[in-house]
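Visitor: I would like to learn how to read a few features of a protein model. Could you walk me through some?

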Amino acid sequence: MGAAVSSAPVLNAAIHGDVLELHPGGAWIATHSAVLERLFDGVAAQVAAAKSLEIDMTEVVEIDTIGAWLLEKVSRDAAQAGRTAHFIGVADRYAGLIEEVRQVNRHQPTPRPKVNPIIARLDQIGRSAWSATQDVSVFLAMLGALGAALLGVLRRPRSLRLTSLTYQVYRVGWQAIPIVVLITFLIGAIIAQQGIFHFRKFGAESYVVDMVGILVLREIGVLIVAIMVAGRSGSAYTAELGSMKMREEIDALSTMGLDPVEVLILPRIIALVIALPILTFIGSMAALYGGLLTAWFYGGMQPAVYIARLHEAVSLNSFEVGIWKAPFMALVIGIVACSEGLRVKGSAESLGLQTTTSVVKSIFLVIVLDGLFAVFFASIGM
């Protein structure tokens, strides 16, 4: 074996008519790669001139992938030039290697068949419908689990984690007040400025107060606050629960005999239901104040006139409509955020995807819910 390994490679060439016979011999292994390259350079001209090529492997005592690939390269070059090339005398112990090398990069990618655009569109619609069905089932499953956990808390009030609930109310409610006040203040000021700018053409600047009051209290106030909470707190819920899911902390709670919904999800959603109406009230007041300042400095309307007109234009029903929407929007945001957090897989990419999905779904459902409430309250005369 030692003599076989140490034997230097050789490459003899003989021409018989139109056939060039190559007789490799010795050890065709990576150790002699430099020698093998020189051997091929020496017969390159004969290979290019030959009409047919025959490679006799009888005298090869050892060969590895490097040697087999060099021989296969000669064979492929001949085939590309339109000449025949084949191996003979391959030892049984090297036949598998030679065949494996011959199959490398020979499989052409199968072209994708053309799909009928109508069928492709129907397939896309079907997949979207199935995905929507799964989303609805996940939402309903989370709603049912939340209801069961709430019933358990009502039966055993001491099981409610007040410390966690208080902390979540602090995070979702108290810490969100500055940004909510700022955004709603600017929204109210912008609505008032645009109303004054356009109503001034008709001498109806005073109706700006009606527009700001009704829009803010019935629609804009609760909608803007809910969207901000969905982007701020809903994404945080999804990221927190998703990280716990990735670290198997939720599975550990189940192993310890604790209900993850009762321990992790219920305090968060109750905190949202408590905090969102309060934030809606604060945000609506900030928006009305922004409208007052704009009407005063931009429209020349005195604050007393603004407040008096607001008292005449806005009824208690408008305020009740906006406040009644808030708990339901909070419930939707919480359920979507927590359910998407529990759907996180074991990768950071999945965590980012589900967080983004949570925010998009929450905002979409909040707007849809606002539209349904608008139709409902209009139908009952509110």
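Guide: Happy to; we will look at a helix pair, a residue and a strand in this predicted model.

Visitor: How are two packed helices described?

Guide: Two packed helices are described by the angle between their axes and by the distance between those axes. Here, the axes of helix 10 (residues 260–297) and helix 11 (residues 303–313) come within 9 Å and cross at roughly 135 degrees. Helix 10 and helix 11 are therefore oblique to each other, and the crossing is right-handed.

Visitor: Which residues in helix 10 and helix 11 meet?

Guide: Helix 10 brings Leu-288, Gly-291, Leu-292, Ala-295 and Trp-296, while helix 11 brings Pro-303, Tyr-306, Ile-307 and Leu-310. Of the residues in this contact, eight are nonpolar, one is polar and none is charged.

Visitor: Next, is Ser-358 buried or exposed?

Guide: A residue counts as buried when its relative accessible area is under 20%. Ser-358 has a value of 0%, so it is buried. Ser-358 lies in helix 13 (residues 348–379). Beyond its neighbours within four places in sequence, Ser-358 is in contact with Gly-234, Thr-238, Val-336, Ala-337 and Glu-340.

Visitor: And how many residues of strand 2 are buried?

Guide: Nine of the ten residues of strand 2 (residues 19–28) are buried, so this strand is largely enclosed by the rest of the structure.

Visitor: In what sense does strand 2 pair with strand 1 and with strand 3?

Guide: Strand 1 (residues 10–16) pairs with strand 2 in the antiparallel sense over seven bridges, and Ala-14 stands opposite Glu-21. With strand 3 (residues 52–56), strand 2 pairs in the parallel sense over four bridges; there Leu-20 has Leu-53 as its bridge partner. Strand 4 (residues 60–63) also runs parallel to strand 2, joined by three bridges.

Note on methods:
Residues are numbered from 1 along each chain as its sequence is written. This is a predicted model: local features need pLDDT of at least 70, side-chain atom pairs count only at pLDDT 80 or more; totals for chains, interfaces and linings use all residues. Side-chain values use heavy atoms; hydrogens and water are left out. Axes are lines fitted to C-alpha atoms, for helices over the stretch in contact, and angles run from 0 to 180 degrees between N-to-C directions. Helices (H or I, at least four residues) and strands (E, at least two) are DSSP runs, numbered from the N terminus. Angles under 35 degrees count as roughly parallel, over 145 as roughly antiparallel, 65 to 115 as roughly perpendicular and the rest as oblique. A crossing is left-handed if the near helix is turned anticlockwise from the far one by less than a right angle, and right-handed if clockwise. Contact means heavy atoms within 4.5 Å. Ala, Val, Leu, Ile, Met, Phe, Trp, Tyr, Cys and Pro count as nonpolar, Asp, Glu, Lys and Arg as charged, and the others, Gly among them, as polar. Buried means under 20% relative accessible area, exposed over 50%, partly exposed in between (1.4 Å probe, protein chains only). Two strands pair if DSSP finds at least two bridges between them.
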